[in-house]
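User: Could you walk me through how the labels in this model follow from the geometry?
Analyst: Happy to; let's take them one at a time.

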Amino acid sequence: MNSRLSRSLSKLSAVRLFHLSMPVLYAGLLLQLLQLFLQSGISGVSWTDPSMLAASLLFVLFLVGITRSFRPQWILTNSRAAVFELLGLLTSIAVFASTQANFRVPLPAVIMMSALFPLIFSARIALLCVLLAASGATLMQSRGLISYDGSALSVASVLCVGLIAILLKRALDLHAAAVKQARMNERRFNAIARATRHVFMIADAGYRIKYANPALQEVVGYTKEEIEQDNVWPAVHPDDAQAHQEKLRYLRDRPRSKIFSRHRSRHKDGHWVWLETRGYNMLHDPAINGLVFSVEDITARKDAERKLESEHALLRAVLDLNPAMIYAKDTEGRFTISNSSFHRQFGYASEDELRGKKVHELIAAQLGSGQERHVARIGDALHLQDIEVIQSGIPLREIETQGFWEGDERRWYRSNKYPLHDADQRIVGMIGITRDITERKEYELRLEHQAHHDFLTGLPNRRYLLKKINEEIARAKGIPARTSVLFCDLDFFKSVNDTHGHEVGDKCLVELTHRIRMALPEVDFVCRYGGDEFVILTHVPLPDATVKAQQLIQVLSQPMIAGDVIVKIQASIGVAQLRPTHKSASELIHDADAAMYQAKERGRSRVETFSLTLQHNATKRAQMDVALRFALDRDELSLCYQPKVSLIDGSVLGFELLLRWRSEEYGDIPPSEFIPIAESSGIIIPIGLWVLEQACWQLNRWQSEAGDRNHLTVAVNVSMRQLMQPSFLSDVAEILARTGIAASSLELEVTETSAMANPAQTAETMAALKTLGIRLALDDFGTGYSSLAYLQSLPIDVLKIDKTFVSHLGKQQNDDAIVRLIIALAKTLHLEIVAEGVENKAQMHELQKLGCLIGQGHYFSPPMKQHEAEKLLRANRQFLQA
Ligand SMILES: Nc1nc2c(ncn2[C@@H]2O[C@H](COP(=O)(O)OP(=O)(O)OP(=O)(O)O)[C@@H](O)[C@H]2O)c(=O)[nH]1
């Protein structure tokens with residue numbers, strides 16, 4: 001009851017008091033008027049009488065007051081309205097007092113007026129009104145206008161009440177404002193406390209909750225009442241409990257202290273929630289008298305932190321385990337992030353040590369003092385790259401660098417640089433990834449080297465040479481260049497392999513490479529073009545290149561020791577100069593090759609330079625080579641027969657078969673021209689077999705036609721190429737078997753020069769042929785410089801003296817002596833001797849004198865057609881008959 005009363009009183013404002021009190025004042029005055037009317041008799045009073053009007057006015061004011069007490073909102077209440085109300089009240093009292101002689105203005109009414117109106121007015125107006133009321137009433141009384149107890153005490157009490165009313169109004173206003181403010185604050189606090197997700201709690205010194213906002217339930221699942229009822233706080237995680245308890249104790253025991261705690265609490269549902277608690281000891285504050293806590297549920301933040309931490313750890317691991325150097329820089333080019341590989345490379349212990357540094361500082365640390373120029377150069381270059389990426393936003397990819405500074409050239413690095421964006425896609429720096437690719441690079445370079453170099457000699461290979469010449473051609477741009485090429489092909493290298501084996505052959509190639517390298521200046525580009533071919537690219541004109549080639553021939557032909565044998569290898573070299581007409585490397589090489597070929601043809605171990613004539617010949621040669629391939633099929637080849645004549649009785653002992661070619665395009669082509677072509681292209685092999693078969697069939701026919709001519713022989717020339725054919729022996733045997741002629745009737749002629757080119761194999765093959773019973777002749781004897789020992793090793797039956805010696809017989813003593821020697825040699829070795837190229841009687845007589853028994857030549861007969869040979873045989877022609 002008391003509290004309701006005090007609540008009601010606390011709600012009582014000055015205005016409300018005014019509203020409630022004014023009807024009482026009006027009612028009191030009206031009662032007094034009524035009493036007066038009743039005493040004086042109402043019948044004499046007219047409704048227009050001033051006292052009636054005054055009473056009516058008072059009644060109206062009473063009604064207004066009553067209405068205002070119950071429905072204050074219906075009546076306007078402010079100072080101005082109150083002034084009018086006061087004037088109305090005073091007027092009605094004054095009128096009544098002046099018209100009714102026995103009316104005495106009651107002092108309590110005046111006191112009430114001076115007490116109530118200040119409740120509405122501001123202090124100043126109120127004071128003025130009170131003074132006016134007191135002095136007005138006194139003045140009116142002194143004039144006898146009204147009857148009123150206007151003693152000094154009355155005036156003083158009116159003034160005193162008025163002043164108290166003013167003070168009361170002020171106190172009430174202040175109170176009302178304070179109450180209003182407090183209510184507003186409370187409502188605001190409640191609103192915040194309800195809306196916030198933070199828990200606000202006030203607990204007493206025994207940790208009993210005095211106040212908690214609704215967030216408590218949201219955070220820990222328990223309501224304040226549940227906690228109060230069981231007096232049990234949510235459990236704190238064992239790991240955090242001790243520290244948390246200590247903090248709580250600290251808070252309670254130290255006035256005005258505060259704490260901060262992070263711990264896990266078990267939610268009513270059973271899971272742990274992370275709480276961040278701030279506590280304040282406000283036990284000293286009587287308004288609070290407790291421990292104030294603000295508790296925040298930071299589980300989500302903690303989860304995010306943990307996730308961030310694990311992501312960060314993962315990222316760090318990825319960075320640090322990566323063998324590449326990874327780093328990030330800000331827009332000024334200062335390091336922000338870097339990984340372990342980077343630290344290791346530049347000698348830093350951690351990312352922190354590097355953070356904020358610029359690349360120049362790193363390089364300066366690597367190079368040491370006194371290297372400022374290099375530091376600036378290298379640092380500027382790297383810094384500019386980074387800034388370019390930052391400014392352009394375009395990544396730089398796959399930049400290869402050989403060493404970052406002097407002394408680091410052995411290492412290769414490949415870098416990628418990317419712009420680094422923030423969440424708003426603004427460039428805030430760059431990221432660089434640099435890999436040490438030394439191993440891969442070295443492997444690539446090795447592969448590149450292998451692709452361009454010869455394994456055995458280590459020299460550049462054909463591919464490298466062609467690339468180099470093509471570059472040269474591109475550089476020359478059609479302007480004559482002082483560039484020449486030496487095409488060097490070893491002579492008869494095959495025989496070195498065949499005689500001593502491939503291993504010795506290899507050693508020779510290595511030794512020759514060394515010789516070539518030593519003989520030439522370093523600027524000359526030496527390449528192993530093929531098996532036994534070397535090509536030298538030199539930047540001198542043709543004459544100088546030719547001189548170089550001559551020197552090379554000298555150097556190469558020096559005997560060498562390979563393994564346990566002494567080998568002498570010679571070489572043929574073709575020289576050609578780069579011309580503006582050359583469109584590609586192969587054209588220049590082709591020219592040098594053609595010149596080399598000419599050198600081979602002209603006897604080997606010599607130098608030939610390329611010329612237009614040579615080119616013409618080479619072209620013609622190539623064309624004939626093509627034509628020759630069709631010659632057999634087109635029946636363009638034929639055989640001529642030249643008789644071998646006995647110098648004793650002039651009888652025909654046999655024939656040498658000579659090959660002839662009448663080409664559809666080129667007409668008659670001499671054997672000296674087409675045989676080398678056939679040999680080099682290999683077409684000589686089928687042609688040679690064809691010749692052999694023709695010869696054997698011919699002999700077969702002659703022998704079966706004339707039994708008494710069984711002694712007749714046919715000689716066929718065999719090229720070295722044929723002899724070297726592994727199938728040659730079996731081919732010959734098959735032809736003999738097919739044609740049925742006696743092997744001893746067939747004579748195979750091999751020139752001394754070709755036999756000497758490949759002595760070992762020649763001897764071997766001849767020995768095999770000999771087992772078939774075939775006769776073997778050494779043709780053009782005297783031109784090949786074979787030794788007696790070598791001759792002895794060959795299983796030959798016939799020596800044919802070269803026509804150059806025969807043609808000078810009787811004219812040059814030298815030649816006479818040589819022929820005499822050859823004849824003596826043949827006799828010693830029990831060989832038959834045949835003189836070639838006998839052209840006149842004198843030569844024949846000389847040969848007879850020297851003891852040569854067989855001759856062949858135009859003196860007896862030029863090569864003749866088949867039917868002519870047959871005619872000769874049938875006629876049984878004796879050439880020595882007069
Ligand atoms: N030992 C050895 N021999 C090789 C190598 N490469 C190629 N050859 C041989 O070199 C020889 C080259 O022979 P050719 O150039 O055709 O003929 P050649 O005997 O030199 O006679 P010409 O060139 O006509 O004077 C062949 O027998 C190949 O087997 C190699 O790497 N090592």
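**Helix pairs and the ligand shell**

Analyst: Let's start with a crossing: H24 passes H26 in a right-handed crossing. Keep in mind that this is a predicted model.

User: Why are H24 and H26 called roughly parallel?
Analyst: Helix H24 (residues 684-705) and helix H26 (residues 728-739) pack at an angle of about 25 degrees. Angles under 35 degrees count as roughly parallel, and H24 and H26 are therefore given that label. Their axes are 9 Å apart.

User: Which residues make that contact?
Analyst: From H24 come Leu 689, Leu 692, Glu 693, Cys 696, Trp 697 and Asn 700, and from H26 come Asp 731, Val 732, Ile 735, Leu 736 and Thr 739. By class, the contact of H24 with H26 has seven nonpolar, two polar and two charged residues.

User: What makes H22 and H23 roughly perpendicular?
Analyst: The axes of helix H22 (residues 612-631) and helix H23 (residues 671-681) cross at roughly 75 degrees and come within 10 Å. The range for roughly perpendicular is 65 to 115 degrees, so H22 and H23 qualify. In this pair, Arg 621, Met 624, Asp 625 and Leu 628 of H22 meet Phe 674, Ile 677, Ala 678 and Ser 681 of H23. That contact divides into five nonpolar, one polar and two charged residues.

User: And why is H2 described as roughly antiparallel to H5?
Analyst: Helix H2 (residues 14-40) and helix H5 (residues 107-116) pack at about 160 degrees, with axes 11 Å apart. Angles over 145 degrees count as roughly antiparallel, which gives H2 and H5 their label. H2 passes H5 in a left-handed crossing.

User: How do the residues between H2 and H5 divide by class?
Analyst: Phe 18, Ser 21, Met 22, Leu 25, Gly 28 and Leu 29 in H2 meet Ala 109, Met 112, Met 113 and Leu 116 in H5. Eight are nonpolar, two are polar and none is charged.

User: What surrounds the ligand?
Analyst: The ligand has 17 residues around it, the closest being Asp 491, Phe 493, Lys 494, Gly 505 and Gly 531. Strand S13 (484-490), helix H18 (493-500) and helix H19 (502-519) each give two or more residues to this shell. By class, the shell has five nonpolar, five polar and seven charged residues.

User: What confidence does the predictor report?
Analyst: The complex has an ipTM of 0.98 and a pTM of 0.52. For the protein chain, the mean pLDDT is 87, and 95% of its residues reach 70 or more.

Technical notes: Residues numbered from 1 in each chain as written. Predicted model: local features only at pLDDT ≥ 70, side-chain atom pairs only at ≥ 80, totals over all residues. Near = placed C-beta within 6 Å. Helix = DSSP H or I, 4+ residues; strand = E, 2+ residues; numbered from the N terminus. Nonpolar A, V, L, I, M, F, W, Y, C, P; charged D, E, K, R; others polar. Axes fitted to C-alpha atoms, helices over the stretch in contact; angles between N-to-C directions. Left-handed = near helix turned anticlockwise from the far one by under 90°. Contact = placed C-beta atoms within 7 Å. pLDDT = per-residue confidence, 0-100.
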